[in-house]
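Good morning, and thank you for making time for this item.

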Number of protein chains: 2
Amino acid sequence: MKLVECIPNFSEGRDQEKINAIVAEAQGTPGCTVLDLQSDSTHNRCVLTFVGAPDAVEEACVKMAKKAAELIDMRTHQGAHPRMGAVDVIPFVPAMDISMEECVALSKRTAERIWKEAGIPSFLYEDSATRPERRNLADCRRGEFEGMPEKLLQEDWAPDYGERAIHPTAGITAIGARFPLVAFNVNLDTDDVSVAKTIARTIRASGGGFRSCKAIGLKLEDRNIAQVSMNLVNYEDTSIVMVFEMIRALAERWGVRIIGSELVGLAPAKALLDCAEYYLKLEGFDARRQIMEYHLIGLGTEE
Amino acid sequence: MKLVECIPNFSEGRDQEKINAIVAEAQGTPGCTVLDLQSDSTHNRCVLTFVGAPDAVEEACVKMAKKAAELIDMRTHQGAHPRMGAVDVIPFVPAMDISMEECVALSKRTAERIWKEAGIPSFLYEDSATRPERRNLADCRRGEFEGMPEKLLQEDWAPDYGERAIHPTAGITAIGARFPLVAFNVNLDTDDVSVAKTIARTIRASGGGFRSCKAIGLKLEDRNIAQVSMNLVNYEDTSIVMVFEMIRALAERWGVRIIGSELVGLAPAKALLDCAEYYLKLEGFDARRQIMEYHLIGLGTEE
C-alpha cells in the first residue's frame, strides 16, 4: 500500500474557523488520515500533516487549495514568517512503499490541477525543481507575496505551472517532493545566546558546516537557556549524531554542556535508529531486516 | 489490522528438506508472511519467524505441528540445545494492534487444536502460564524429551492440554504469549572469557542483577574476544541502555572496553528508540506520536 506524507502550510494561524474549514477538506477525503495540525498566531500560519494514498493526497491538496483561496486574502495577511501564498508550500514526502520519483510525479499532477482548478500558479521546488535555483524554498519565496508580481516577470522566474501573474488574493505556491525533514534542537546550560548563535553558524551548511543542516541560535526565554535549533533536510546525509556530537565538542570551548534535546514534530524511525546504532556501537545492524515495524509496513528486507 | 508474530522452534537443524517441508506449511497459509528462518546443525534445531492475522497464525501452527510430528522422531534426536518436542516451543508475540490478552487466548486455542488434531500435549508458559512455576520455559523443559514421561506423572506437571503422556515421537510442546524478546550481545576488547562470565553473572536476574536479563559470558573463538550474550525478556523493564552502561562500568574494573555490540534477529523499534532518547537526552519524546512508522501501522497517537 503506497502512502505519501503531505505537510501543506497555509497562511492562516489566527482564525480557527478558517483553519478548521481548510483541514476539513483533507479529513473529508477518503484515504487520507490527518496526523497533526500546528498553528502559530505570531507567524499567522498553520502546518498540517496528513498521510494517504497518492491519488487521495492529490485530491485533498486540490480541495484545500481551493478552500484556502476562498478564505485567505494575502493582500491583508501579516505574520512573522515569510510567505507568498494562501497555500504557501505543499511538500510531498515518501512514507511507505513509494519512490521519490513517484512523489515528484504526484507533485506535478497536483501543481497542474491547482493551476487549472484553483487558478493558483506554482513553483516546483526541492526534488521536483526544474532548475537548480528553484530547489531551495527560500529562493523561490524571496520577495514574498508583495514582490511576486514583479519577480514573475523576470526572465528566470516564470512559474512552472500557470502564467506570469499571481492569483490576485491567493498568490503563488511552492510544490515539491522532498526527503523527510528532521527538526532537532539542542539545549545548552548557558543563558548566553551568543554561544548558541556561534555554534549554529559553525555547523550549518551556509557557514561551511554540515551540508544538510540549517541552524540558528536562539534563547528559550521561559527557561533562560540558549538553544541551537536545526532543520536536517537529509538526515542520511547529515545525521542527528553528527550535529549532536559536533555541538557537544564546540560547546566545550566555552565550558558549556548539552542539557537536553528536542525532536520537533514527526520523524522517520531511521533517523533515531541510526543514533542507537552509533552509541551502542552496533555491528552489522540492518534496520530493514531487524526492526519488526519495517516488516509490518512492508519495508522489511529478508536475509 | 491485527498482527501476531510467531517464532516456533523445531527440533530439526540438519535436514533441509524436512525443514523446508515444515516451513512450507506457514508459507502456504493465506495471511501468513515468513520473515526469517535460522537453523543450526550443532543445536539440531531451527527457528522460524513469521507474522500474520491471529486466525492465520493459529492455522499455520497446527499444520506445522502435524508436519513436524510426521517428520521428526525425538527418540533419535540429538543436539546441543535442550529440547522436549518436535515442535519444541511456540511463542506468540503481540506485533500490531493486538493485546497480550488476545495473544494468550490465541495460544490456548492453538494448544487445544494441537492436542486434538496432532495428539501433542503442551504446557502453557510465560504470559499464558496457568501457574507461576510454568512461566519460565527452562522450568517447563527441565528433564527434556527423555525425562518427560516420568515428569508428567508428577503431581504438579500434568500438561495444560492433553493427557499425562507425551506423544510417542513428537514429545510435548511449550506454547505461550510473551513480550518481544531482545537478543543483545556486547563484545569486549579482551580474550579473557572470565571477564565476560563474571559480568554476565553480575548483571543477570539469577545473580541478583537486572530482573529481565538473562546473560552468559562466552568467547568468540574466530575473533579471539570475549562476549556477554544476553536475552532481555522485557526491554521496557530492563532496557538495552541499562545493560550496556552496566557492562561498560563493570568492564572498566579490569581495564576492559566495549568494542561493539550485536542485535540478534528481530527487535521492536522501541527497544532502540529508547536508546536514542537516552543518549541524545531527548526531552518530551513520545515515539507513538513522533515516529512516522507508528502512524503507518496504526499505532500512532495524536496530540
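Let me begin with a definition: a residue is called buried if 20 or more other C-beta atoms lie within 10 Å of its own, exposed if 12 or fewer do, and partly exposed in between, the C-beta atoms being placed from the backbone. By that rule A:Glu126 is buried, since 26 other C-beta atoms lie within 10 Å. A:Glu126 sits in the loop between β6 (122-124) and α4 (137-141) of chain A, and its phi is positive, near 45°, although the residue is not a glycine.

Some conventions are needed here. The model is predicted, so local features need pLDDT of at least 70 and side-chain atom pairs count only at pLDDT 80 or more, whereas totals for chains, interfaces and linings use all residues. Residues are numbered from 1 along each chain as its sequence is written, while chains are lettered from A and ligands numbered from 1 in the order in which they are written.

A second residue of this kind is A:Asn44, which is not a glycine and has a positive phi of about 50°. A:Asn44 belongs to the loop between β3 (32-40) and β4 (45-52) of chain A, and it counts as buried because it has 20 C-beta neighbours inside 10 Å.

Now to the chain as a whole. Chain A has 10 helices and 11 strands; these are DSSP runs numbered from the N terminus, with helices being H or I of at least four residues and strands E of at least two. Its C-alpha trace spans about 55 × 50 × 40 Å along the principal axes. Of its 303 residues, 51% count as buried. Chain A is divided into domain 1 (3-177), domain 2 (182-267) and domain 3 (268-303), with bounds that come from an automatic or database domain assignment. The C-alpha centres of domain 1 and domain 2 of chain A are 28 Å apart.

How do the two chains meet? Taking contact to mean C-beta atoms, placed from the backbone, within 7 Å, 41 residues of chain B are in contact with 41 residues of chain A. Several elements of chain B each supply at least two residues to that side, among them β3 (32-40), α7 (240-252) and α8 (269-279). The copies meet through the same surface, because 100% of the interface residues of chain B are also interface residues in chain A.

What is the rotation that superposes chain B on chain A? It is 179°, with 0.0 Å of shift along its axis and an RMSD of 0.1 Å, by least squares on the C-alpha atoms of residues with pLDDT of at least 70 in both copies. That is the relation of a two-fold axis. In chain B, the C-alpha nearest the axis is that of B:Ala276, at 2.4 Å.

Leaving aside residues up to four places away in sequence, A:Val4 touches several residues, including A:Val51, A:Phe92, A:Ile98 and A:Leu106.

Methods
Two residues are in contact if their C-beta atoms, placed from the backbone, lie within 7 Å.
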